[in-house]
Amino acid sequence: MTTMTYDAHRESVAGRADVEDTPELVAYYGDLARLKTAALWTVANKIEPWQPKSESVPVLWRYRDLREHVLRSVSLVTPEKAGRRVIYLDNPGRREVAAAVGWLYSGLQVMHPGEAASAHAHSTSALRFIMEGRGAYTIVDGHKMTLGVNDFVLTPNGSWHEHGVEADGLPCIWQDGLDIPLVNALEAGFFKVHPDMHQQVAYPVDDSLALWGAPGLRPHDVGWSKPYSPLFKYQWEPTYEALKRLAAASEGSPFDGVLMHYTNPLNGGHVMATIGASMQLLRPGFESKAHRHTGSFLYQVAKGRGYSIINGQRFDWQERDIFCVPSWAWHEHANASATEDACLFCFSDLPVMEKLALYREEALADRGGHQTVLPAA
């Protein structure tokens with residue numbers, strides 16, 4: 001017969017729970033359990049840790065390994081049967097919620113020319129970052145956006161959206177990013193399919209870019225009250241040019257190089273209520289210092305090659321590779337080229353951390369701000 005133990009989380013520290021099991025207490029805990037209650041001191045140290053303890057583990061998903069399998073899915077399932085033909089990123093520490101890191105989901109979606117996924121809406125916020133191909137498009141509440149490589153597009157929560165590839169295009173692969181695990185944890189998820197399966201395009205193509213895409217300017221007498229950016233599409237070329245201009249005018253951050261956030265043009269805030277996104281430039285030869293912060297971050301290499309050290313593990317990356325930084329994990333990034341820029345696209349739950357006043361950041365004070373790299377496993 002196995003005796004239940006309740007004192008596994010004891011700590012001999014003043015102010016922390018330090019109650020040792022006795023036969024009388026164990027019997028008492030059994031009585032509480034029958035009433036669907038329990039003693040806080042048996043779990044207090046577990047549920048109130050000294051600092052964040054992420055269940056996520058650092059992972060690098062190499063695109064050269066994934067691409068063949070992503071493309072293979074085209075011959076195995078149709079968008080009509082699959083709903084969305086996606087190979088999702090499965091973090092070993094978050095498999096029970098299908099998360100890539102923390103409370104964020106991500107996957108690689110592939111579509112061939114002439115294919116179109118059905119229109120739907122859901123409570124989760126979503127984004128897409130185009131990795132390869134030509135002719136991709138997304139339609140959000142009747143607004144159609146054409147998409148090129150390294151373009152970033154929003155499909156905010158509650159909006160009707162669909163996507164496809166024009167008949168004269170090329171096979172396209174993009175990264176999806178959603179807050180599915182977060183919304184499900186909050187027990188707030190809804191999903192619906194468009195009654196006509198597809199939307200009507202109700203506006204000129206790329207009209208959101210025409211209205212809201214001019215830096216420092218906003219259209220006169222155009223109202224917008226929704227809690228997300230009206231600029232659904234963020235193009236790669238002006239983003240990279242903006243990073244280069246900033247790099248010429250500023251040293252940037254010792255931790256992130258030249259970092260810029262995608263913003264809502266109305267208020268300068270994050271693009272969506274629960275997901276933020278950024279692009280950063282690492283100058284040739286740049287090696288950042290290490291820091292850690294709350295929040296979960298998922299990176300895709302938009303340009304160049306380099307490496308990141310996450311909690312002492314070194315991950316060497318190149319274009320299209322994806323890697324994650326769990327909450328409160330030490331991390332630093334380096335550009336491996338002496339002549340070419342490296343650029344990292346990132347999406348995160350930073351808006352949630354900030355709104356809930358949970359964001360905290362800390363720089364590594366030892367070893368000149370650099371981690372000790374652990375031997376490869």
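Mentor: Let us begin with a term we shall need: a residue counts as buried when its relative accessible area is under 20%, and as exposed when that area is over 50%. Keep in mind that this is a predicted model.

Trainee: With that cut-off, what share of the residues of the protein chain count as buried?
Mentor: The share is 49% of the 377 residues. The accessible surface of the chain comes to about 18,800 Å², and carbon and sulfur atoms hold 55% of that.

Trainee: Why is serine 296 called buried?
Mentor: Its relative accessible area is 5%, and the limit is under 20%, so serine 296 qualifies. You will find serine 296 in the loop between β13 (291-293) and β14. Its contacts, leaving aside residues up to four places away in sequence, include Val101, Trp103, Val325, Phe347 and Asp349.

Trainee: How do you know that the radius of gyration agrees with a compact globule?
Mentor: For 377 residues, a compact globule would have a radius near 21 Å; the protein chain has 23 Å, so the two agree. Along the principal axes, the C-alpha atoms fill a box of roughly 75 × 55 × 45 Å. Within the chain there are 8 helices and 20 strands. Take the contacts between residues at least 6 apart in sequence: 75% of them join residues at least 24 apart.

Trainee: Which strand does β5 join through 12 bridges?
Mentor: That is β8 (residues 161-178), running antiparallel to β5. In this pair, glutamate 132 sits opposite isoleucine 173 of β8.

Trainee: What makes β5 and β7 a pair?
Mentor: Pairing takes at least two bridges, and 4 bridges join β5 to β7 (residues 152-155), in the antiparallel sense. One example is phenylalanine 129, whose bridge partner in β7 is phenylalanine 152.

Trainee: How many bridges link β5 with β6?
Mentor: There are 5, again antiparallel, with β6 spanning residues 143-147. Valine 140 faces histidine 143 of β6. The hairpin of β5 and β6 has 2 residues between the strands, and aspartate 141 there takes a positive phi near 45 degrees.

Trainee: What is the strand order in the open sheet of 6 strands?
Mentor: The order is β1-β17-β14-β19-β12-β11, with antiparallel pairing.

Trainee: Why are β1 and β11 placed at the edges?
Mentor: β1 (60-61) and β11 (258-261) each have a single partner strand, so one side of each has no neighbour in the sheet.

Trainee: How do you know that β14 and β19 pair?
Mentor: The requirement is at least two bridges, and 6 bridges join β14 (residues 297-303) to β19 (residues 342-348), which run antiparallel. Tyrosine 299 stands opposite cysteine 346 in β19.

Notes. Residues are numbered from 1 along each chain as its sequence is written. This is a predicted model: local features need pLDDT of at least 70, side-chain atom pairs count only at pLDDT 80 or more; totals for chains, interfaces and linings use all residues. Side-chain values use heavy atoms; hydrogens and water are left out. The radius of gyration is taken over C-alpha atoms; the globule rule is 2.2 Å times the number of residues to the power 0.38. Buried means under 20% relative accessible area, exposed over 50%, partly exposed in between (1.4 Å probe, protein chains only). Contact means heavy atoms within 4.5 Å. Accessible areas come from the Shrake-Rupley method with a 1.4 Å probe; for residues, only the protein chains shown count as cover.
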